[in-house]
There are 2 protein chains.
Amino acid sequence: VSRTIRLTIAYDGTEFAGWQRQADGVRTVQATLEDALRPFEGARVVLTGAGRTDSGVHAAGQVASATLERCSLAAPALQRALNATLPGDVRVVALGEAPAGFNAQFDARGKTYRYWLLAGGVASPQIRRSVWHLPQMLDIAAMNGAASTLVGTHDFAAFRAAGGDVVTTVRTVTVSRVDESTHAFSVFDNDDLRDVTDRRAGLRLCYEVTGSGFLRHMVRNIVGTLVDIGRGRRAVEDMADVLASRDRGRASATAPPHGLTLWSVRY
Amino acid sequence: VSRTIRLTIAYDGTEFAGWQRQADGVRTVQATLEDALRPFEGARVVLTGAGRTDSGVHAAGQVASATLERCSLAAPALQRALNATLPGDVRVVALGEAPAGFNAQFDARGKTYRYWLLAGGVASPQIRRSVWHLPQMLDIAAMNGAASTLVGTHDFAAFRAAGGDVVTTVRTVTVSRVDESTHAFSVFDNDDLRDVTDRRAGLRLCYEVTGSGFLRHMVRNIVGTLVDIGRGRRAVEDMADVLASRDRGRASATAPPHGLTLWSVRY
């Protein structure tokens with residue numbers, strides 16, 4: 001009997017060449033999961049992911065769907081079995097039955113990404129894979145002012161990847177803001193040591209963006225521009241000008257992938 | 001002019017064979033730091049660490065001292081220069097001048113270790129290097145009852161490493177408790193996803209222990225025994241019996257190193 005399953009997936013993207021299955025020998029999240037599912041189905045399983053994260057980008061709540069024809073394991077048992085065989089840098093955090101025809105890509109109504117930044121201070125070794133550390137302080141108010149101008153339905157062509165080829169570059173963004181992170185970035189951010197030296201501290205920032213969909217590199221190109229504004233290299237008003245120009249050459253350099261996480265997908 | 005410096009050091013112990021310098025070719029934290037200091041002094045520098053952490057054990061606030069004869073860089077510049085050359089899994093989080101004769105090992109008045117545990121749920125990929133994940137739930141009240149019996153001055157011979165050879169196994173413990181961690185273990189512990197399935201959640205625990213000094217493997221042997229009590233395999237009263245026995249054979253198996261962090265050193 002055919003069934004459709006929905007998986008919620010977390011991964012540390014550091015040692016993956018992104019989500020999408022590629023030529024043989026390249027380690028991707030999709031290929032790793034499909035290979036792990038195969039013995040339970042007795043045939044190749046095709047996973048459809050909500051978003052194709054790039055090499056080095058992480059996920060806390062990536063969602064994928066698959067149709068199974070033969071696997072009769074109940075969802076909780078299949079989740080346990082998958083996590084027992086998967087490498088430690090990818091976990092199935094939830095697995096359930098979905099309505100027939102559910103497609104994690106086409107049925108997605110919105111996605112949220114988070115990008116973590118540490119401004120100044122010393123980055124603890126445990127966050128080096130997931131936070132972009134900048135040596136200088138950043139002006140959070142300026143960054144937030146610029147980030148807010150992106151909310152709405154706009155042509156985001158200025159923030160697409162060079163050479164990108166999509167039907168339309170119009171997207172709707174409902175949340176775009178920079179906040180100081182009230183929580184430590186990891187259990188190793190030892191606030192007990194903050195007295196020792198103020199060089200340790202640094203400013204912990206999180207850029208959160210929610211939208212109907214995202215162009216390739218769009219979030220990282222936005223973050224690159226926000227950071228230049230936070231450093232004082234560009235004016236707050238530049239963000240609106242870059243957006244209106246629809247010219248990729250006007251945005252700042254692409255921020256590195258390791259600060260970015262696909263946080264959640266809404267259906 | 002001779003000067004003494006004090007370094008506060010954080011590291012991800014995963015890819016180090018512990019703190020202490022060993023035979024050539026083995027990657028240790030002490031050797032990595034001494035090698036990084038060498039060009040600034042123009043000669044070999046000998047670092048004295050407050051505690052010798054084992055292979056795989058982390059530090060948030062390890063402290064080390066060194067005497068420099070020739071390096072004239074001011075402390076903040078030396079800290080920046082070291083962090084620019086050190087690999088990302090070790091950071092100098094503070095560096096300052098210390099009184100002549102300061103010795104990070106002999107002058108230490110107390111140390112605090114933390115050991116992180118996740119009971120049940122699914123461990124996010126980002127905490128796999130720093131949290132011991134146990135599939136089953138743990139009885140936190142039972143563990144805490146057992147942990148509290150260790151406070152005081154006792155002979156901890158039952159919790160020493162097999163084959164350990166020390167003058168005295170008497171130590172004073174001032175804090176020994178198990179708490180539910182109110183903070184997420186990492187930014188990737190996505191509480192937004194907790195609704196999806198309660199299998200995701202798990203119980204986040206932290207064992208904190210502060211004492212005048214610790215025998216080799218002492219904290220990990222205590223944690224191994226606490227976990228058996230939390231699982232219901234042993235009674236709460238066993239902890240006092242094991243302690244009183246002074247017999248290494250009575251304690252449970254040593255907990256894995258990756259959950260353990262040298263949190264801070266008091267002077």
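So, is R246(B) buried or exposed?

First, what we're looking at. This is a predicted model, with an ipTM of 0.86 and a pTM of 0.91. For chain A, the mean pLDDT is 92, and 94% of the residues score at least 70.

Let's start with how the two chains sit together. Any two copies of a chain are related by a rotation about an axis and a shift along it.

What about the surface the copies use to meet? Of the interface residues of chain B, 100% are also interface residues in chain A, so the copies meet through the same surface.

Next, the empty space. You roll a probe the size of a water molecule over the atoms, and that shows where space is left. In this model we get three cavities of 30 Å³ or more. The largest cavity has a volume of about 250 Å³. Which residues lie nearest its centre? They are Q126(A), I127(A) and S130(A), along with Q126(B) and I127(B), out of a lining of 24 residues.

Okay, back to the arginine. On chain B, R246(B) sits in the loop that runs between helix 5 (238-245) and strand 10 (260-266). Its relative accessibility is 51%, and the cut-off for exposed is over 50%, so R246(B) counts as exposed.

Now the backbone there. Most residues other than glycine have a negative phi. R246(B), though, has a phi near 55°, which is a positive value in a residue other than glycine.

And chain A? R246(A) also has a positive phi, near 55°. You'll find R246(A) in the loop between helix 5 (238-245) and strand 10 (260-266) of chain A. With a relative accessibility of 51%, R246(A) counts as exposed too.

That's my tour, so over to you.

Technical notes
Residues are numbered from 1 along each chain as its sequence is written. Chains are lettered from A and ligands numbered from 1 in the order in which they are written. This is a predicted model: local features need pLDDT of at least 70, side-chain atom pairs count only at pLDDT 80 or more; totals for chains, interfaces and linings use all residues. Side-chain values use heavy atoms; hydrogens and water are left out. Helices (H or I, at least four residues) and strands (E, at least two) are DSSP runs, numbered from the N terminus. Buried means under 20% relative accessible area, exposed over 50%, partly exposed in between (1.4 Å probe, protein chains only). On a 1 Å grid over the protein atoms alone, a cavity is a set of points where a 1.4 Å probe fits but cannot get out, and a pocket is an open set with protein on both sides within 12 Å along at least five of seven lines; lining residues have an atom within 4 Å of a point. Grid points are joined across faces, edges and corners, and a volume is the space filled by probe spheres set on the points. pLDDT is the predictor's confidence in each residue, from 0 to 100. Contact means heavy atoms within 4.5 Å.
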